[in-house]
Amino acid sequence: MKVLVMSPLSRRNFLLSSMAALVAACAEDNPALRPAVTNLILGGGQYKLTVDGDTKFVLSIVDITNKDRHLSTMGFLPHGIHRNPTDFNRLAIFEKKGPNACEYDLGTRQIVRAIPQVDNQYFYGHGAYSLDGKTLFSTETELDGFNGLIGVRSSSDLAYIGEFPSYGKEPHECKLIDGGKTLVVTNGGGDTQGDAPSVAYIDINSQQLIEKVQLTRAELNTGHLAIWLLFRRHEWGLVQIAWVA
């Protein structure tokens, strides 16, 4: 089910966030010196060598320009893949509903380090770097009660700086807008008997809720979203549209 969430944008402008699945760069022959790569398609995968064999997980990298493919072995199924805006080779990769996440280097095509899990919390699929690349935000959920949190870590050493509420339950995706001042979060809402799904706009500095768009039916879900500007003919101003899937 896909839902359009619309709200006026007269009071704030926003910056279109980077697409997680496409990373800009150009390839060089030496992988250790390879800068951020253009025409790459990234995605998580899983497979078995035999019907009864163990499940293996990989990050799949397809280089369209060089007609090449690479599989990096992972300890979990990659879901959200997010680029550091100040280091295009550095990716933050998250598991969906699990304890695993890591930083990955596109130049060396290797995992750099694990992103530590907080006790009694699971990663819930996505994250976002601040525009200066110094802070990493991630959607997380308390295992007791499924209250949603946004974990905050220093990108230099991945130290856990703190957290603030996602203003809903079981948050999934998050994107920075307003030049990095506002975080948009999709809250799945838990099961159909729990909180209704919602899209929350959170001020990064104060960590306070700016606006919350709540769905009217718990059977619907707010998962992935894209945000863009729409210019309407014969009308002044902008309309903010969040396409929620």
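Rings of Phe, Tyr and Trp (its six-membered ring) pair if their centres lie within 6.5 Å; planes under 30 degrees apart count as stacked, over 60 as edge-to-face and the rest as tilted. By that rule there are 2 aromatic pairs. Before the details, the model is predicted: local features need pLDDT of at least 70, side-chain atom pairs count only at pLDDT 80 or more, and totals for chains, interfaces and linings use all residues. Residues are numbered from 1 along each chain as its sequence is written, and side-chain values use heavy atoms, with hydrogens and water left out.

How are the rings of F94 and F123 placed? Their centres are 5.7 Å apart and their planes stand at 55°, so this pair is tilted. F94 belongs to strand β6 and F123 to strand β10 (residues 121–129), 29 residues apart; strands here are DSSP runs of E, at least two residues, numbered from the N terminus. F94 is buried, at 1% relative accessible area, where buried means under 20% with a 1.4 Å probe, protein chains only. F123 is buried too, at 1%.

The rings of F137 and F164 have centres 6.4 Å apart and planes at 65°, so they are edge-to-face. F137 is in strand β11 and F164 in strand β13 (residues 160–169), 27 residues apart. Both are buried: F137 at 6%, F164 at 2%.

Strand β11 (residues 135–142) also holds T139, which is buried at 0%. A polar atom of the T139 side chain lies 2.8 Å from the backbone oxygen of H172.

Key: Helices (H or I, at least four residues) and strands (E, at least two) are DSSP runs, numbered from the N terminus. Buried means under 20% relative accessible area, exposed over 50%, partly exposed in between (1.4 Å probe, protein chains only). A polar contact is a pair of N or O atoms within 3.5 Å; within protein, one must be able to donate a hydrogen and the other to accept it, and residues adjacent in sequence count only if both atoms are side-chain atoms.
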